[in-house]
Amino acid sequence: MRLRDLCFSYGDREVLRGVSLDVPRGKLVAIMGGSGSGKTTLMRLIGGQLQAQSGELTVCGRNLHGIGREELYTLRRRMSLLFQFGALFTDMSVFDNVAFLMREHTDLPESIIRDLVLMKLQAVGLRGTAAMMPKQLSGGMARRVALARAIALDPQLMMYDEPFTGLDPISLGVIGQLIRRLNDALGASSIVVTHDVQESLELVDYIYFLSEGKVVAQGTPEEIRASKDPWVHQFVWGESDGPVPFHYPAVPYEEALLGD
Amino acid sequence: MMLEGITAVFGGIGRGVVDAVWRLGFAARFLGMLLWLSGSCLRRFNLVMREIYFSGVLSLIIILVSGLFVGMVLGIQGYEILVRYGSESALGAMVALSLVRELGPVLAGLLFASRAGSAITAEIGLMKATEQLDAMDMMAVDPIARVVAPRFWGGVISMPLLAAMFSALGVLGGYIVGVVMIGTDPGSFWSQMQANVDFRQDIVNGVIKSAVFGLAVSWVAVFEGYDAEPTAEGVSRATTRTVVISSLAILGLDFILTSLMFRG
């Protein structure tokens, strides 16, 4: 996947301002940044849910600019997105959730679908939940089932939207390991949009930092850890003040207190 | 100051009208797309069958009980009026005609809008709020074809069946009150009904009405759900809108259809 000078705005509000990045085959890349930095918008552009105003966006060798709906759907069969809270279909069992794509996009007999679903659930350690409904799962389990559903047709590009949000340390570690293991097993390219710095530094091959719609830093986890860049330092070590100020812009404090 | 107030009022009305027309156009486009994408769900009819169960079968209790009570009330009121003219033998015809022509389709439609229409809107709205529709779209499965169309057709098919059952139970209710409780002659009750209810003019027109109401309620319900703001408050507002708009649409359409079908 390749992005060059990608620009996007909602009306007058510029969200992405000339973003360029690459996700090579087989690599796990993290996109990090504060809230409102454009990470989710970037993910939606890559998934074809939004169209960039300018720039080049190539996914699985296909330029997404001006792509038709049918062609986009063909392309989407080769990519997958894990939503922040799983987005499991609540009216279907765990088994039917994982079988959903196989039933929709293939003519496989039910006996083979059954075996494939059990294999996918086994990969995420939740074969025993096949008969359960999504409401019976914990947050971490729901995300693992969603992961099994996402890899149902062995995608070439995997995207993860904030996969660690709201998880306890054990579930977080499990999801992290699964992301790495599945990426390596599928030979897919993966993009993880996340705030979780320490987990990502352990997990990914390369990191891009986004701020105000631009890539402000990038590098391998080692390079990021050693970075002297003040912005990267503040983000990685979670400092409250720095290039991203603690105080929202306002009139000077003394003036506000002592003025009329 | 006063001029500004008047301008603001007319501006508000104008904006409201423009918004309403824009939304109606959007709903019409949505219906067009829904019909265009209905092929796959009609080929996989098990998807529609499932929705007929949720919209139709699960609405049966309220429809049957309401039909029975409406028929019983018609029996009492009809007898009270007809007996004044010595025409109580026409009670069966009066009950049946009131039900198959008007009360069956209209009341079943209103109950269907409250019970099934609101449930369809809430379900689709919540699926949108929890990103299930987005997830489906990202999986290259069109949510309009897979989620919306089966619910729409499930509603369209269920509604005439529910209206027919409403009318049937209403006739039974009228019989219980008129014949069993009051003591009208049962032979007159059934023979007057048989002689005065015309299959094409009364029953077919009643079925057409209920099919049109089913289409209107299902259209409103799926559109409001799909267009709902993806928040708890947005879904709640959409559900309320479904009941209000569907009910008004049923009453408005009933007037138009009645004037076309029964103007003499």
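1. Let's start with B:Val217, which sits in helix H9 of chain B, residues 199–227. Helices here are DSSP runs of H or I with at least four residues, numbered from the N terminus. This is a predicted model, in which local features need pLDDT of at least 70, side-chain atom pairs count only at pLDDT 80 or more, and totals for chains, interfaces and linings use all residues. Residues are numbered from 1 along each chain as its sequence is written, with chains lettered from A and ligands numbered from 1 in the order in which they are written.

2. B:Val217 is buried, as 31 other C-beta atoms lie within 10 Å. (Buried is 20 or more other C-beta atoms within 10 Å of the residue's own, exposed is 12 or fewer, partly exposed is in between, and C-beta atoms are placed from the backbone.)

3. Beyond its neighbours within four places in sequence, B:Val217 is in contact with residues including B:Gly109, B:Phe112, B:Met159 and B:Ser246. Contact means C-beta atoms, placed from the backbone, within 7 Å. B:Phe112 is 105 residues from B:Val217 in sequence, yet their C-alpha atoms are 8.0 Å apart.

4. Have a look at helix H8 (residues 186–196) of chain B too, where B:Phe189, B:Gln192 and B:Met193 are buried. These buried residues fall within an arc of 100° seen down the axis, so they line one face of H8(B); the arc is taken over directions from the helix axis to the C-beta atoms. They pack against helices H5 (91–129) and H7 (143–182) of chain B. B:Gly187, B:Gln194 and B:Ala195, on the other side of H8(B), are exposed.

5. Finally, the contact between chains involves 10 residues from chain A and 9 residues from chain B.

How values were computed:
Helices (H or I, at least four residues) and strands (E, at least two) are DSSP runs, numbered from the N terminus. Two residues are in contact if their C-beta atoms, placed from the backbone, lie within 7 Å.
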